[in-house]
Amino acid sequence: MKNKEQQGKGASSYLKLFCAQLDLLNFVAHALVFGIGLLIGITLTFFIKNFSFINFQIQQFSLPSYTLKPPPPPFSPISSNLSLSISNNNQTKNASHYPVGLVFDSGQKNTSSSPPKDNQTTPSSDSSIRVTNFTRIGLSEFLKPPMAMHDMTDEELLWRASMVPMIQKLPFKQTPKVAFMFLTKGPVLLAPLWERFFKGNEGLYSIYVHSHPSFNETVPESSVFHDRNIPSKEVRWGENSMIEAERRLLANALLDFSNQRFVLLSEACIPLFNFSTIYTYLMNSTSTFVEAYDQPGEVGRGRFKPKMRPQIRLSQWRKGSQWFQIDRFLSLQIVSDHLYFPVFMKYCKPNCYSDEHYLPTFVSIKFWKRNSNRTLTWVDWSRGGAHPSRYYRTDVTVEFLNKLRFGRTCEYNGHTTNICHLFARKFTTHALDRLLRFAPKLMQFN
C-alpha cells in the first residue's frame, strides 16, 4: 500500500517537472520568434530607406535643371498707414523692416507688382501669395497723444501716467511742449485772451481743462479749448479734492510724452508775456517753481496735524501758492507719491487747506535742491482775507500790467532778472475787454 502511494507521488512529481520544462520551452520558443521578427523588421526598415534614397537620387539626376524653382523674391510692403509722422528716415526704415500682411493662400494669383527677375519663375497657383493691407501699430501709435476724455478710473490713470522709459536716449525726434492745465468751475472765462496767446504756436503746447462734472457747455470747434476737458470730479475749496484734481490734471498731461513742462492755471489767470517768451523761460529753466516757505502762526504751522508724524514733522511743514510750474520729473514724482499724499488725505481735513501745503511740503522734503521756492503766478494778498484781490475793468491799465511784468527782481538760473512772473490772477470777465485791447500789443502776441 505504501509502495503504491510512493509510486503515485513519484509519477505526480515527474508530471510537474515535465510541465515546468514544457513551459520553459514555450517561453524560449516565443522569445526566439519575437527576436527573429524584430531582426527581420529592422532589416526591412534599413532596406526600404536605402531604396527610397537611391530612387530619389535617380529621379533628381534625371530632371532637367531649369525646372527647379527658386524661392520667391521678398515682397516689399504695400503701405504702412502711420498716423504720426516722426521722421521720413524712420518711416522708410520701418517700412522696409516690417512687411505688410503676407498671407499664404492657395488658388490665388501673385499680387506683387514687381515683375519676375531673370532665372526666376513666377510662383504657380498652388503656392501664390495674397497681400492684404493693415494699419501697423508701432511706435507712432504709442506716441500719439491720447484724447483728453477717456474712461479710466483715477487709479488706472495714475498707474498709466507713472510709467517711465528706462532708456533715456529717444529713438525719435521730439518737440517739447508745455502743458497748460486749467482748474476751473466751468468754462475758461478769459478764453478769448488765451486764444490770441496760443495762436500761431500749434505743436508747442497742450491744453487740459478740469471743470465741474456737470459742466457741459459746448465749446466751438475752432477754439483751442475744444475737446480739452478731462474726466473730472467735484472740487471743493479748501478740501483734499483740490489736490486730487491737481494730480488728475498732471496724470492726463503725462500721457503725452511730448509734454515737458506743466503749468497749473485757473479760469481767472492771464498770461503776462507772449507765448515764445513764456515757452523759452520755462524750457530753459534749471529749476522748478513751487512756492514753499515756513510760516509761523495760525495760518502756517498752526495747520499742522500731529497725527501726520512720523512721515511729516512740524519742522518740515511748508506753505505756498498752489499755482505751480514744474518739469516732467517732478510731475511723475507727484502722481506716484504713495507716502505723503495718503497722509494728507487722512489727516489734512478742512481748516488745513491741503492745496496750500501738500506740494510745498512734499517738494521741500524730497526735491528742495531743484526748486526755486517761488511761483511764476502773480497774486495779491495785501488786502487780507481768505481770497486774493480781484481785478475789474478799471484796474486794467498799461501801467498796471507793466508793474506785474517787471515790478520786482528775482533769480533765474543763477542770474538776477526782472521777469519774475509769467502769469497773474484774479481777473474777472469785466476786465476782458481792456485786456484784449492792451495785452496783445503790450505783450506782442503773434
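**Reading the predicted model**

Guide: The secondary structure of the protein comes to 12 helices and 11 strands. Helices (H or I, at least four residues) and strands (E, at least two) are DSSP runs, numbered from the N terminus. This is a predicted model, in which local features need pLDDT of at least 70 and side-chain atom pairs count only at pLDDT 80 or more, whereas totals for chains, interfaces and linings use all residues. Residues are numbered from 1 along each chain as its sequence is written, and side-chain values use heavy atoms, with hydrogens and water left out.

Visitor: What pLDDT does the protein average?

Guide: pLDDT is the predictor's confidence in each residue, from 0 to 100. The protein averages 80, and 75% of the residues score at least 70. Over residues 52–129 the pLDDT is below 50, although this stretch has 78 contacts in the model beyond near neighbours in sequence; a contact means heavy atoms within 4.5 Å. Where pLDDT is low, the predicted coordinates should not be read in detail.

Visitor: What percentage of the 446 residues is buried?

Guide: Buried means under 20% relative accessible area, exposed over 50%, and partly exposed in between (1.4 Å probe, protein chains only). Buried residues make up 39% of the 446 residues in the protein. As for contacts between residues at least 6 apart in sequence, 79% join residues at least 24 apart.

Visitor: In what order do the strands of the open sheet stand?

Guide: Strands of a sheet pair through backbone hydrogen bonds, either parallel or antiparallel. Two strands are taken as paired if DSSP finds at least two bridges between them. Here 4 strands form an open sheet in the order β4-β3-β5-β7, with mixed pairing. β4 and β7 (325–327) stand at the edges with a single partner strand each, so one side of each is left without a neighbour in the sheet. On average, neighbouring strands of this sheet are turned by 20° against each other, direction ignored. Axes are lines fitted to C-alpha atoms, for helices over the stretch in contact, and angles run from 0 to 180 degrees between N-to-C directions.

Visitor: Which helices pack on this sheet?

Guide: Helix α5 packs on the sheet and touches β3, β4 and β5; its direction makes about 180° with that of β3. Helix α8 (residues 328–336) also packs on the sheet, touching β5 and β7, and its direction makes about 95° with that of β7.

Visitor: How many bridges join β3 to β5?

Guide: β3 and strand β5 (residues 259–266) run parallel and are joined by 7 bridges. Within that pairing, Ala-179 stands opposite Phe-262, and Phe-180 stands opposite Val-263. β3 also pairs with strand β4 (residues 205–210) in the parallel sense, over 6 bridges; there, Ile-207 is the bridge partner of Phe-180. β3, helix α5 (residues 191–198) and β4 make a right-handed β-α-β unit. A crossover is called right-handed if, with the strands pointing away from the viewer, the path from the first strand over the helix to the second runs clockwise.

Visitor: Why is β3 described as largely enclosed by the rest of the structure?

Guide: The description applies because 7 of the 7 residues of strand β3 (residues 177–183) are buried. Both faces are covered: Lys-177, Ala-179, Met-181 and Leu-183 are buried on one side, and Val-178, Phe-180 and Phe-182 on the other.

Visitor: What span should helix α6 have?

Guide: The expected span of a helix is 1.5 Å times one less than its number of residues. The 14 residues of α6 (residues 241–254) should therefore span 20 Å, and the end C-alpha atoms are 20 Å apart, which agrees. α6 is mostly covered, with 13 of its 14 residues buried.

Visitor: Where does the backbone take a positive phi or a cis peptide bond?

Guide: Asp-227, not a glycine, has a positive phi of about 60°; Asp-227 lies in the loop between β4 and α6 and is exposed, with a relative accessible area of 54%. Gln-444, also not a glycine, has a positive phi of about 60° and is exposed at 57%. A cis peptide bond joins Arg-309 and Pro-310, with omega about 5°, and Pro-310 is in the loop between α7 (275–284) and β7. The peptide bond from Arg-425 to Lys-426 is cis too, with omega near 10°.
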